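Here's a quick tour of one structure, starting with a sheet and ending with some helix packing. Have the viewer open as you read.

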Amino acid sequence: MKTRNSKTRRIIIGLDGVPYGLIKDLTEKGVMPNMKRMIKEGIFKRMVSSIPEVSSVAWSSIITGANPGEHGIYGFTDIAEESYRLSFPNFYNLKVPPFWMDKSYGKSVIINVPSTYPAAPLDGVLIAGFVALDLNKAVYPQSLVEKLEQLDYRIDVDSKKAHQSMELFLRDLNRTLESRIAAYEYLWDEVDWNTFMLVFTGTDRLSHFLWGAYEDDSHRFHSDFLTHFRKIDEVLGDINDRLKDEDLLIILSDHGFEWLEESVNVNVHLKNCGLLSFKNNPPKSLNDIEYSTIAFALDPGRIYINMENRYPRGSVKENEKESVVRDLIQAFESLRIGNRKVIDRIYRREEIYQGSMLDRAPDLVLMPKTGFDLKAGIKANELSEKTIFTGKHNQTDAFLFVKGNFDISTISDEPSVFDVLKLSTDSGLRNPLTAKGGDL
């Protein structure tokens, strides 16, 4: 193992769900002046997310540099082997160790990275992010819990408040951000760290509920949306001011965001096509799947073929699988809401995944057209619906910013979340800094 340059510190800041286009827009309009100044000093590029573009998959890919076929995380839910029982993958299900387990990164402070619960021992400090159910199990070392409670630390925004009142939601969003900032300031000074990673996830929650407020400057909550990003920008400016000449700074998002027109229920379409049936209506769980079922879906658009030797009531034989795949592709390629085609692209698992966990991957993954959000709840009756959400994830418009001690040749023309870790490895660093700034 190569010995790390002890003078080089790595700082990684995540803005969950923040698109390249939004950063470009808000820096140009003066909402994020610190980020604008920083972009002139580094490299700022559009980045591609994982497939599907959900936080559990994307952040697992960012912290391991591995494909889901290797690290084994395909979504916030999965199917237990040889059953229809839903499981909820956590940090112990990650099959590739995160970068902070590599001794070359030195002592690490890791704050609020999604899908790192429960907190596992490391050389340093870890505060797990969403989904984390218990602060005591979300923190390593345990001795830090008392201090976090004093700081009124919050793991995540209470999104239920948005369904009651947007004012209540925004108040909770701001309190959560303030507690995150307080934890960052305390740990930055308190711990003698070599690597510091901090993720802000309120940006994702804000965009889900109030993307319309961002796009419409006459919206009642437009200024609240911008205020949140002004506060984020102040933190970025503070971090930038704390940097040393030999430091590496990476700021990035795990996926982009866009306007949401309608949510489309994938399992309803499968039922309408005669490809999915349940013994109860509405079904209590996937355990209600009938033998006649050909395929079923998990969020957001992961399709699993009901194979004979894979599931308890599997109906599809191995020699029938290819024909079923073609039928499923045709069924989703023809799916329309009104006059609009819903599905933009359909991937076979072998096209996008590789590794020892490939057999756990969905058989097909659907990617929607702009404006459509795919859902896979089993109790829905309508093919499409409009909900409280006005924003949805976008796979092609994440962003990556790099500044400081890095080798410009390690940044590809079209970077993806799988490439981020290369920038912070020993081979991705260089001294002295001669990197060209600006937008490539």
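Which residue in strand 13 does Ala-295 stand opposite? That would be Ile-305. Keep in mind that this is a predicted model.

**The sheet**

Strand 12 and strand 13 pair in the antiparallel sense over 4 bridges, and the two make a hairpin with 3 residues between them.

Zoom out and you'll find an open sheet of 4 strands, ordered 12-13-17-16, with antiparallel pairing. Strand 12 and strand 16 sit at the edges, each pairing on one side only. From one strand to the next, the twist averages 25°.

Here are the strands with their residue ranges:

| Strand | Residues |
|---|---|
| Strand 12 | 295-298 |
| Strand 13 | 302-305 |
| Strand 16 | 343-348 |
| Strand 17 | 364-368 |

In a regular strand, side chains alternate between the two faces of the sheet. Helix 12 (residues 321-333) lies across strand 12, strand 13, strand 16 and strand 17, and runs at about 165° to strand 16.

**The cores**

The largest nonpolar core has 99 residues, and the ones touching the most other members are Ile-13, Leu-15, Phe-196, Ile-251 and Phe-399. Helix 8 (residues 166-190) supplies the largest share of this core, 10 residues. There's also a second, separate core of 37 residues, with Leu-286, Leu-328, Ala-331 and Leu-335 among them.

Leu-15 is worth a click. Setting aside neighbours within four places in sequence, its contacts include Ile-23, Phe-200, Thr-203, Ile-232, Ile-251 and Phe-399.

**Helix 9 against helix 10**

Two of those contacts of Leu-15, Thr-203 and Ile-232, turn up again where helix 9 meets helix 10. Helix 9 (residues 202-215) and helix 10 (residues 222-242) pack at an angle of about 145°, their axes 9 Å apart, and the crossing is left-handed. On the helix 9 side, the contact is made by Gly-202, Thr-203, Leu-206, Ser-207, Leu-210, Trp-211, Ala-213 and Tyr-214. Helix 10 brings His-222, Phe-225, His-228, Phe-229 and Ile-232. Sorted by class, the contact has 8 nonpolar and 5 polar residues, and no charged ones.

Technical notes
Residues numbered from 1 in each chain as written. Predicted model: local features only at pLDDT ≥ 70, side-chain atom pairs only at ≥ 80, totals over all residues. Heavy atoms only, no water. Pairing = 2+ DSSP bridges. Axes fitted to C-alpha atoms, helices over the stretch in contact; angles between N-to-C directions. Contact = heavy atoms within 4.5 Å. Core = buried A, V, L, I, M, F, W, Y, C linked by side-chain atoms within 4.5 Å. Buried < 20%, exposed > 50% of the residue type's maximum accessible area, 1.4 Å probe, protein only. Left-handed = near helix turned anticlockwise from the far one by under 90°. Nonpolar A, V, L, I, M, F, W, Y, C, P; charged D, E, K, R; others polar.
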